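The paragraphs below walk through a structure with the sequence alongside. Please keep both in view while reading.

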Amino acid sequence: MKTPLLDVRHVEISYNGRPVVQDVSFQVEPGEILGIVGESGSGKSTLIKAAMGLLGIGGAVTKGDIYYNGRNVIDAKPDEIRRMRGPAMGMIFQDTGASLCPVRSIGDQLYESVNQHEKASREEVRQRALDLFEKMRLPDGDRILNSYPFELSGGMNQRVGILMAMVLRPKLLFADEPTSALDVTVQAQVVREMIQMREAYGTGIVIVTHNIGVVEYMADNIAVMYRGNLVEYGKKEDVIYHPREDYTKRLIGSVLRVNRG
Amino acid sequence: MEKLLEIKEIKKTFYKKKIPFVAVDNICFDVEKGECFGLVGESGCGKSTIAKIITHLITPDTGSVLLNGEETLFLRGKKERKLYQDIQMVFQTPQDSFDPRRTLGDGIMESMRNQGMKKHQAKERMYELLEMVELPGEFASRYPHEVSGGQCQRAAIARALAPNPQLMICDEATSALDVTVQAQIVELLNKLREEQGLSLLLICHDLALVQKLCDRVLVMYKGGGVEQGVPDEVIQNPQNEYTKILVDSVF
């Protein structure tokens, strides 16, 4: 059997000894999009933070294992996981504007993050970024690279975040509520851009969101989290149209849909 | 139907380093008694500026705002204070809209106490209000950080109902909530509208919510109104280019 890109096996995650995620298992294949949905506090973000080794002080995986391409990331030394973050596993945060340094230009920060992982000249990085901007159909790439985060709108910053994650061409991309802070028109563009990335590079994507509509549009598989447990996991069509668990039924039933007639 | 609120040709310009920025440009609409009117559009299109103009927090350059047929823009003193009671707001992040160091009960009672109501009367009314928003009475002694977002938003609605308002403005009141909780709040708003005859002005960017709750909707883009009508018609048969993009963007 082929090794899955990401293999989460019976994972329990605790903060300060208190388990917040219990017995969660799922896999992501190359080029697959997995959507993790559930209400706030259900442990969605904690899961992807654990896979990235970003749980922070007090947080730890207390049971189970997480494998990236067959390599156990929980046992990995800090230095090793640091090298994996970026080229192997990329991450898009909910509020990219806040995760960027306010006093340095976008281009500078982009160069820094690439330079940590590979020898590349400023010009090469710039060219690669401009190519990506073009792929994302964003005009004015040069202006964006010379801008500071506060000079850009929320939507623009978010796309910079996607670009920063994509410029290292990760095999696996984690996206934590990437579109929640955006207007619907911008959200639609960002979602299409992420799908394009999958098509162009075969990136596996794990998207954490509470927006069922987005997941329905882009995901192949869906995992439903409720109070730290994985209550339902399966093909998108099965989960959305034939939910088995009560919570999933309630969740899907609460989604307001636009009736286009 | 009787008109509760009439907005006539309001315009508001902000200046940043003396460069004018027209936030609201020639907006007209009215809200009838017992109606739910929706205001949709992307961030920065002027929705919240309109709310601030209606609530008398900023003054428009031109135009007029009528409540029950009476011009509100130049009210002062007693009449202005009455206006502040008649129009109430519910905000996006409920936790931030309560004083973190005072209980929810205190927050709900504050406006009544300021009106000169006796403490025991205010308390009685506060418990009635909690019941109205389907919160157990014990929540009166809780602090904002001790309750969930949905519960806190219910308390915020109770607080808005305290001065017996004629119009409630919900500025993205459900956007920060989980979908299951959002559905409950929507149900509550609908109930209040039917039982209390409350008029609602719903500011939001969620077309599905507007379609479910609103009788009429105004779509805004860059400060101007681009389309107005019954939500079903606007969504199913958008006339304006921007409205089309907006409707197509919803998954």
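In this predicted model, strand 1 of chain A and strand 2 of chain A, the latter made of residues 18-28, are joined by seven bridges and run antiparallel. One position to look for along this pair is A:Val11, which stands opposite A:Val24 in strand 2 of chain A. The two strands form a hairpin with two residues between them, and here A:Asn16 takes a positive phi near 50°.

Strand 1 of chain A, which covers residues 6-15, also pairs with strand 4 of chain A, residues 59-68. These two strands run antiparallel and are joined by eight bridges. Within this pairing, A:Ile13 has A:Val61 of strand 4 of chain A as its bridge partner.

Chain B has a sheet to follow as well. Four of its strands make an open sheet, arranged in the order 2-1-4-5 with antiparallel pairing. Strand 2 (19-32) and strand 5 (70-71) of chain B are the edge strands, each pairing on one side only. B:Leu66 is bridged to B:Glu71 in strand 5 of chain B.

The remaining topic is where the chains touch. The contact involves 21 residues of chain B and 23 residues of chain A. On the chain B side, at least two residues each come from helix 6 (179-196), helix 7 (207-213), helix 8 (231-236) and helix 9 (241-249). Helix 7 of chain B gives the most to this side, with five residues. Sorted by class, the side of chain B that touches chain A holds 11 nonpolar, seven polar and three charged residues.

One helix pair across this contact can be looked at in detail. Helix 8 of chain A, residues 184-201, packs against helix 9 of chain B at an angle of about 55°, and their axes are 8 Å apart. Because of that angle, helix 8 of chain A counts as oblique to helix 9 of chain B. The crossing of these two helices is left-handed.

Which residues meet in this helix pair? From helix 8 of chain A they are A:Val184, A:Thr185, A:Gln187 and A:Ala188, and from helix 9 of chain B they are B:Ile245, B:Leu246 and B:Ser249. By class, this contact has four nonpolar and three polar residues, and no charged residues.

Definitions and conventions
Residues numbered from 1 in each chain as written. Chains lettered and ligands numbered in written order. Predicted model: local features only at pLDDT ≥ 70, side-chain atom pairs only at ≥ 80, totals over all residues. Contact = placed C-beta atoms within 7 Å. Nonpolar A, V, L, I, M, F, W, Y, C, P; charged D, E, K, R; others polar. Axes fitted to C-alpha atoms, helices over the stretch in contact; angles between N-to-C directions. Parallel < 35°, antiparallel > 145°, perpendicular 65-115°, else oblique. Left-handed = near helix turned anticlockwise from the far one by under 90°. Pairing = 2+ DSSP bridges.
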